[in-house]
Amino acid sequence: MERHWTADLLWIALAFGLVGLNGFFVAAEFALIKVRPARLAQLVRQRKPFARSAQWLSKRLDRSLSACQLGITMASLGLGWIGEPAIAHLLRPCDSADMRDVEVAILMLRLGDHIDDFVQLSFEGGIGSDH
């Protein structure tokens, strides 16, 4: 039985959502590592949104970074579970199975590499910024 194109679109949208989730955890990890405690204290005094939460997380850095790593791992596993079959199904008419697997792996790696850069550039001057 042939899958309908809307099912393919749903699976691809879920895959892109997981790439975004992966980027969120990577950006959170970088922000936690980069932020200075004095900057967080200043943001808390200014009553900036989420500053108190960020300060709480930075005081528990080992656990916070472990949670980020768990989120990255789970999002990546979900991406492999959902994204690979969704994109492979669309590429099925193109090439052999081995070539599709290589193309899907390259696509997921390229998207995953750039989503955290995009998130950090979008929020430059945010909570993880030194200025």
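Leaving aside its neighbours within four places in sequence, which residues is L18 in contact with? I looked this up first, taking contact as heavy atoms within 4.5 Å, and I found A75, G78, L79 and I82 as the partners of L18.

**Entry: what I am working with.** I note that this is a predicted model, in which local features need pLDDT of at least 70 and side-chain atom pairs count only at pLDDT 80 or more, while totals for chains, interfaces and linings use all residues. Residues are numbered from 1 along each chain as its sequence is written, and side-chain values use heavy atoms, with hydrogens and water left out.

**Entry: overall layout.** I counted elements as DSSP runs numbered from the N terminus, helices being H or I with at least four residues and strands being E with at least two. On that basis the protein has five helices and zero strands, and the order from the N terminus is α-α-α-α-α. For burial I used relative accessible area, where buried means under 20%, exposed means over 50% and partly exposed lies in between, with a 1.4 Å probe and protein chains only. Of the 131 residues, 30% count as buried. I then looked up the accessible surface, which comes from the Shrake-Rupley method with a 1.4 Å probe, only the protein chains shown counting as cover for residues; the total is about 9100 Å², and 66% of this belongs to carbon and sulfur atoms. Among contacts with a separation of 6 or more, 74% join residues 24 or more positions apart.

**Entry: the core.** I took a nonpolar core to be a set of buried Ala, Val, Leu, Ile, Met, Phe, Trp, Tyr and Cys residues joined through side-chain atoms within 4.5 Å. The largest such core has five residues, namely A15, L18, V19, L79 and I82. Helices α1 and α4 (61-91) each supply at least two residues of this core, and α1 gives the most, with three.

Not counting residues up to four places away in sequence, I82 touches W11, L14, A15 and L18. The C-alpha atoms of I82 and L14 are 7.4 Å apart in space, although the two residues are 68 apart in sequence.

I also checked N22, which has its place in helix α1 and counts as buried at 13% relative accessibility. With residues up to four places away in sequence left out, N22 touches I72, A75 and S76.

**Entry: a surface patch.** Patches are made of residues with over 30% relative accessible area and no salt bridge, with like charges joined within 9 Å and nonpolar side chains (Val, Leu, Ile, Met, Phe, Trp, Tyr) within 5 Å; a salt bridge is a side-chain nitrogen of Lys or Arg within 4 Å of a carboxyl oxygen of Asp or Glu. I found a nonpolar patch of about 270 Å² made by L10, W11 and L14. L10 lies in helix α1 and is exposed, with a relative accessible area of 52%.

Entry: Which residues of α2 are buried? I found R39, L40 and L43, and they cover an arc of only 100 degrees around the axis, which puts them on the same side of α2; the arc is that of the directions from the helix axis to the C-beta atoms. On the other side of α2, P37, A38 and R45 are exposed. The cover over the buried residues of α2 includes α3.

In helix α3 (residues 51-59), the buried residues are A51, A54 and Q55. They also cover an arc of only 100 degrees around the axis, and therefore lie on the same side of α3. I see these buried residues packing against α1 (5-34) and α2 (37-45). Q55 is buried with a relative accessible area of 18%, and, leaving out residues up to four places away in sequence, Q55 touches L40, A41 and V44.

**Entry: the loop between α2 and α3.** I looked up two residues here for their backbone angles. R47, found in this loop, has a phi near 60 degrees, a positive value in a residue other than glycine, and is exposed with a relative accessible area of 75%. F50, also placed in the loop between α2 and α3, has a positive phi near 70 degrees and is exposed with a relative accessible area of 69%.
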